[in-house]
Amino acid sequence: MKHDMHGVITKLLALAVLIGPFVAPSSAQVHALAPQHDWAGVSHVVLPQTRAFALEPDRDPIVIERIEARVEIVEQAAVTTLEISVRNPSPRPAEAALLLPVPEGAAVHSFLFEGSSREPTARLLPRDEARRTYDEIVAQIKDPALLEFAGWNLIRSSVFPVPANGTQRVRLSYDHVLIAEHGRVDYVLPRSESLTIDVPWSIRVDIRSRSPISLVYSPSHELVTSLREPRHLSLHVHERNASDPGAFRFSYLLEQGELSASLIAYPDPSVGGGYFLLMAGLPMEMNARAPRVRREVTLVIDRSGSMAGPKIEQARAAALQVIEALEFGEDFNIVDYSTQVALFAPRPVTKDEKTLHAAREYIAGLCAIGGTNISDALVEALRSKPRAGLLPIVLFLTDGLPTVGRTSELAIREAVETGNPHARRIFTFGVGNDVNVPLLDRIADLTRATSTYVLPREDVELAVARVFGRLSGPVLSDLELETVGAGGARTTRVVRDLLPARLPDLYAGDQMTVLGRYVGGEPIDFRLSGNLRGARRTFAFRFELESASTRNAFVPRLWATRRIALLVDEVRQAGAEFAGTPAEIGHSLFADPRFKELADEILELSTRFGVLSEYTAFLATEGTNLGDWEGLRAACTVELDAKAVRIRSGAGAVNQGLNYNERKLSGQLDYKNGYWNEHQQRVELSGVQQVCDRAFFKRGAQWIDAGILVRKPALAPARTIAFGSSEHAALLQRLITEGRQGLLALGDEILIELGGENVLIHKR
């Protein structure tokens, strides 16, 4: 019987439309493959999460070209469908079998392939049988990559053909019930964490729920929403993440009132407790039913001589677009500056037909001439008192360094810190490369706003429009998060190092993610306060830590990413007093023990978690001696001094600003450790690998556990374990129980820390 893939899929889709929600067949309705433990007649094994393996030594492996994943969730029941395209570059036909690691409780739904008279069959293998299957293949191909999935259940398919110099499409579906905890539903699609895997994945998700959905969050991939209704969401992974490694994870949170929240925890005895990620979001329907928060918007426009030409034209267009987008009854003003500062009105005016017409004429008359008086422009923008009930926002645009008035970076920063009595949010826009990047970043951070950099040849109007488009709808502002103890009193003993320390406002469609460390294992009581729809509100949440798991390794890694960004910015801001001074002995920021400690912590966190940046990329360089901690410390301070301290403007400062803004609120893992260099090119590092909850650095053919490096012992093994030996099998079983089996899947030789000793694992 021929199986026409397109026809079968079309019929299934038509049937789904007729019968409504997809209902999984019983196990009796799915053809079962009889247990087999030999691979006679099978030339290839396809593991979509990693790659295809040739079981015969003289065969070229078939190639996985593309995978399309579709996830349909109704309540907590998920149907995951993978359509895998494989190509056979060999002149001989290939006979392949599919292996698919799946979560606990999964059940085979369907299995199809093209162009064969054989009946497609698939069988779910429980963990023990799955483990034997992996052992057989690994023993045959001598490749440890499969060990990453040794602790999962496994679907094994019947054999299917891949024609010589041809392609085959395979479609497999499985069902499973998702784990739910206090209104949060979690989904995981297991995939390899290896950086060598570059198969493009297209992932789409459709969620239907009886209860309204408050937010969807993925720590692994950037999600793009294509349909957003309270009880129905359609999402897909952004195309730039198509070839990213690592499991695809996401959680969605059901509404729990005016503000919904949940917590994911990772236990770590070495810090006296562990790490947590707190997520919170406003109801999706709030945007439709809640009154919009009225705004007061002050546009601060640089019209110095360097703005002449297209930049001033784009600035005028951006200003006009913002004013036009304001609602009648909202307030606005325009502050334009060059050598001197001018104002559209002495204080913000209310938008009506008359003030709108006057603003159009004023904006049209702006021309570029003179110097750059940033300090006085900021003073004027922050001075007047806003009308009661309005959210005061400043859009501050500059394309140059201060040349008139107070020009000191420290003085301008202090003016904003001490001279903003009405808590205006200052959204900064640096146009071109000749801007003081650390200053613009700090101004935005101090005022719960963001900084944006408009690169040469980019459009100012579009950049302003993207930011301003978010600043609408209902808002939860002036947020404060604290932990409470007995009797409801505030306590600082339960959590440490919250990031971000100053919470940003939540606008319509926004969600909040806070990372931190917790102490002990008792439940955590949070109190979140803020202004919601014009009234001060307080929300209380209690979270148990019983479900804390080492499988949530993304939590400490994201915390480390934000923590490193914070520490680097402290160095950047302290560098203001060293700007323009020679980098000589005695003139270094790191001669001060306080900043030397910052550099040490940056180096240790970067090493321990494998989270690298432009300042620590040398750790992934082959020639760097990882056993010389003093040398690594010196290299780190040199990089920080040369870049974070000394470079305040120019392309080399803009790229640091871009990287800082990516990391300070980072919510997704970056296995490739990507960053922007001074040429605004993306750099990715392959010499460091994040696996499970460990990081490894490559030297030659050996991967070295970062846990060894931060303990600073000699890089010599205390004992050696041969790959495939009984001792190796016992170690694998131990790591499976800990959810860390991926540590043995890296490559030919691994130097790993186990129980306080260095262990070398190598192939015989």
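Reader: How many bridges join strand E3 to E4, and do they run parallel or antiparallel?
Author: In this predicted model, E3 (residues 63–74) and E4 are joined by 11 bridges and run antiparallel.

Reader: What sits between E3 and E4 in the hairpin?
Author: There are 2 residues between the strands, and Glu75 in the turn has a positive phi of about 55°.

Reader: Which residue is the bridge partner of Glu72 in E4?
Author: Val79 is the partner of Glu72. Val79 also has a bridge partner in E10, namely Asp175.

Reader: How do E4 and E10 pair?
Author: They pair in the antiparallel sense, over 11 bridges, with E10 covering residues 167–177.

Reader: Why is E4 largely enclosed by the rest of the structure?
Author: Because 9 of the 11 residues of E4 (residues 77–87) are buried.

Reader: Switching to helices. At what angle do H7 and H8 pack?
Author: H7 (residues 409–418) and H8 (residues 437–446) pack at about 10°, and their axes are 10 Å apart. Angles under 35 degrees count as roughly parallel, so H7 and H8 are roughly parallel to each other.

Reader: Which residues make the contact?
Author: From H7, Glu409, Ile412, Arg413, Val416 and Glu417; from H8, Pro438, Leu439, Arg442, Ile443 and Leu446. The residues of this contact divide into 6 nonpolar, no polar and 4 charged.

Reader: Now Ser606. Buried or exposed?
Author: Ser606 counts as buried because its relative accessibility is 0%. Its place is in helix H11 (residues 593–609).

Reader: What does Ser606 touch, not counting residues up to four places away in sequence?
Author: Ser606 touches Ile564, Val611, Leu612, Thr616, Leu619 and Phe697.

Technical notes
Residues numbered from 1 in each chain as written. Predicted model: local features only at pLDDT ≥ 70, side-chain atom pairs only at ≥ 80, totals over all residues. Heavy atoms only, no water. Helix = DSSP H or I, 4+ residues; strand = E, 2+ residues; numbered from the N terminus. Buried < 20%, exposed > 50% of the residue type's maximum accessible area, 1.4 Å probe, protein only. Contact = heavy atoms within 4.5 Å. Pairing = 2+ DSSP bridges. Axes fitted to C-alpha atoms, helices over the stretch in contact; angles between N-to-C directions. Parallel < 35°, antiparallel > 145°, perpendicular 65-115°, else oblique. Nonpolar A, V, L, I, M, F, W, Y, C, P; charged D, E, K, R; others polar.
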